[in-house]
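Dear colleague,

I am handing over the structure below, and after it I set out what was found. Please read the notes with the coordinates open beside them.

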Amino acid sequence: MRLKKEIIVWRFLDGKIGHEKQSLALVKSLNLEIKLLNIPITNLIITILINIRKLIKLPRPDLIVGVGHRVHLSILIAKFLFGGKSIVIMKPSIPVHWFDLCIIPNHDEYNGKGLVYRTKGALCDVINKCEKKSNKGLILIGGISKTFIWNADSVLKQIMQLVINNPNIKFELTTSRRTPEDFSLNLKKLKTSLNNISLNYKKNLKISFSKNQNQNWVKDRMSVAKFAWITEDSISMISESLTSGQLVGIIKLSKNKLNKKRNSLNILKKEGFIFYDQDGAYKNTNKLKIFPNQAEKCADWIKLNFINNQLKKNE
């Protein structure tokens, strides 16, 4: 790394929104003067091989960052050819010690070789605004996943209990890209059912679909609503909600098998960060705990051990 004010970051992108949000959160959290160069990877290392002449013209990287199996080999080739510290977020599919740093969540229980920074969840670009409204709540719905069994009827029943048992909270519900299309029709039927019970219940649930929202819709509402209830397949949303300072309750799904997502949730539950309803009351009784911003903690470590140390050597 060179002695200079501007830090050059190459960020490899695999096209997955969740992955790209994590790497961007890390870069932003460095809170330095940064020249960020985004490099899409469409097919393993082919992008590097085809665009080698373009890459040669780019400023040499200080940090090379990426998330997702598709970018791993490209990061290593870029480091070999152009230098810089290689940083991978999430456990890689190739040996960890091949990278300068791997940022791996605790639930992966990795204990092998390599330099590892462990996190409690996903990295996210969210600010904790403690002044939230206790009469506001969010309901965030995931959908089809490899690790949980989607049961629309169960999810709808839990949403209904949430609204009925919390009459003083006005909920906004949103879906995600993974939510089945027919669930939207079921949500409209749910509104009708709530109206048949009481008009007030219907007024306390506003539904918005992800396809109709801008990219900051969820983040904006997290900054206001005190409560969030999230389907347990949505680990990234749970991490964002906790980081923003919300009280998080879990909408339960059936599990396929004991998996790392469930392991992660068990850890968060044990530490008192998330709430699972046990008696059908659907009232989050947890006390608010400050959830450390994982992106900021990682960024602080990188500045201390990669950036500041190198600057000292160059003095």
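Lysine 191 is buried (under 20% relative accessible area, with a 1.4 Å probe and protein chains only) yet has no salt bridge, a term that requires a side-chain nitrogen of Lys or Arg within 4 Å of a carboxyl oxygen of Asp or Glu. The nearest side chain of opposite charge to lysine 191 is glutamate 172, which is 10 Å away; here Lys and Arg count as positive and Asp and Glu as negative, while His and the chain ends are not counted.

Please keep in mind that this is a predicted model, in which local features need pLDDT of at least 70 and side-chain atom pairs count only at pLDDT 80 or more, whereas totals for chains, interfaces and linings use all residues. Residues are numbered from 1 along each chain as its sequence is written, and side-chain values use heavy atoms, with hydrogens and water left out.

Lysine 191 belongs to helix 6, residues 181-197, where a helix is a DSSP run of H or I of at least four residues, a strand is a run of E of at least two, and both are numbered from the N terminus. Leaving aside residues up to four places away in sequence, lysine 191 touches Lys202, Leu205, Lys206 and Ile207, contact being heavy atoms within 4.5 Å.

As for the protein chain, it holds eleven helices and 14 strands. Buried residues make up 49% of its 315 residues, and of its contacts with a separation of 6 or more, 68% join residues 24 or more positions apart. The C-alpha trace spans about 70 × 35 × 35 Å along its principal axes.

Best regards

Notes. Buried < 20%, exposed > 50% of the residue type's maximum accessible area, 1.4 Å probe, protein only.
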